[in-house]
Amino acid sequence: MFRYVRWAAALLLSGVMAAPVLGATALQCVPYARIVSGVEIYGDALTWWDQAENRYQRGHRPRTGAVLAFRPAGPMTLGHVAVVSQVLGDRRILIRHANWSAPGAIEEDVMAVDVSPAGDWSEVRVWHSPTGQMGARVNPAFGFIYGEKGKLRPFTPDPALGTSTRFAGVDQNLWKDVRVPARPAALRSASDDAQLRQAVLADTREVRRAPRGPRLESDPRVLEYADGTPASRSLHDIITDVKQEARLR
């Protein structure tokens, strides 16, 4: 435990995890995802899936440039959106998103793994940059919203969108040799959904990194990290967000 305290103290001293200055707003996941994906949807992340109906194609298979829309859960009271930067397999993708591992943090080309029993990306685990491993929390998701051109767009930090820090930018080549082990045959026929889900989670925990690559073991202590948007926002923050989005329209 002591080494984790030292690690957190070091980040605080370096300013990486420092909170935005008083009165400032951290970059939210919504404007970041909108710019990078080109999907022109506004409003809280939890509304994106319904807003996309009859405007964009939706589905449960990842594509480059698609937006992965997360359901509200735990600290994600407003949901979360991330953009697929590369598809590594049916259950493994790289994503780009903001305001997940720390307020305003931008994370590029980090891994997300499908741990749902049906393989439909309804339950996802996401890379946690502060600890350099997969987050232990299972995050529920709606699915993917497909942009018109299916390509990534560059993001340039803009103070009008809130303060941000480029927390992680992982070399995509580091992920190429990572494999998620298949479930044992005895468990593939399990009728109990809860048992099957636990089996998938157990398999994912056994993933090991390629030489010099990212570490994919999980640690239960990662459960309490700040993911998605803050659990509560002040009236000032909400008004600021509305004004920012009005200027961007």
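Predicted model: local features only at pLDDT ≥ 70, side-chain atom pairs only at ≥ 80, totals over all residues.

D109 is buried, because its relative accessible area is 8%, under the 20% cut-off for that term. D109 belongs to strand 5. Which side chains does the side chain of D109 meet in polar contacts? One is the side chain of S85, at 2.8 Å; another is the side chain of R96, at 2.9 Å.

In soluble globular proteins, nonpolar side chains tend to be buried together. Here the largest nonpolar core has 31 residues, and the members that touch the most others are F70, I93, V124 and F144. Several strands each supply at least two residues of this core, among them strand 2 (67–70), strand 3 (80–87), strand 4 (92–98) and strand 8 (139–146). Strand 5 gives the most, with five residues.

Let us consider F70 in detail. F70 is buried, since its relative accessible area is 0%. Beyond residues up to four places away in sequence, F70 touches M76, G79, H80, V81 and A82, and its contacts also include W100, V124, V126 and F142.

A pair of aromatic rings is described by the distance of the centres and the angle of the planes. There are four aromatic pairs in the model. One of them joins F70 and W100 in a tilted arrangement, with 5.5 Å from centre to centre and 45 degrees between the planes. This pair links distant parts of the chain: F70 is in strand 2, whereas W100 is in the loop between strand 4 and strand 5, 30 residues apart. W100 also counts as buried, because its relative accessibility is 0%.

Is strand 6 largely enclosed or open? Six of its six residues are buried, so strand 6 is largely enclosed by the rest of the structure. Strand 6 runs antiparallel to strand 5, and three bridges join the two; within strand 6, V124 stands opposite D114. Strand 6 is also antiparallel to strand 8, through two bridges, and here V124 stands opposite N139 of strand 8. Strand 7 (residues 133–134) pairs with strand 6 as well, in the antiparallel sense and over two bridges, with M134 as the bridge partner of W127. The hairpin of strand 6 and strand 7 has four residues between the strands, and G132 takes a positive phi near 65 degrees there.

A second, separate core of 23 residues includes Y32, V39, V67 and F142. V39 sits in the loop between helix 2 (29–37) and helix 3 (48–52). Is V39 buried or exposed? V39 counts as buried, because its relative accessibility is 0%. Leaving aside neighbours within four places in sequence, V39 is in contact with R34, W48, Y56, V67, I145 and G147. V39 and A52 are 13 residues apart in sequence, and their C-alpha atoms are 9.0 Å apart in space.

The charged end of R34 sits over the ring of Y42, 3.9 Å from the ring centre. The charged end of R63 sits over the ring of Y146, also 3.9 Å from the centre of that ring.

Thank you for your attention.

Note on methods
Residues numbered from 1 in each chain as written. Heavy atoms only, no water. Core = buried A, V, L, I, M, F, W, Y, C linked by side-chain atoms within 4.5 Å. Buried < 20%, exposed > 50% of the residue type's maximum accessible area, 1.4 Å probe, protein only. Contact = heavy atoms within 4.5 Å. Polar contact = N/O pair within 3.5 Å; in protein donor to acceptor, adjacent residues only side chain to side chain. Phe/Tyr/Trp six-rings, centres within 6.5 Å; stacked < 30°, edge-to-face > 60°. Lys NZ or Arg CZ within 6 Å of the ring centre and 35° of its normal. Pairing = 2+ DSSP bridges.
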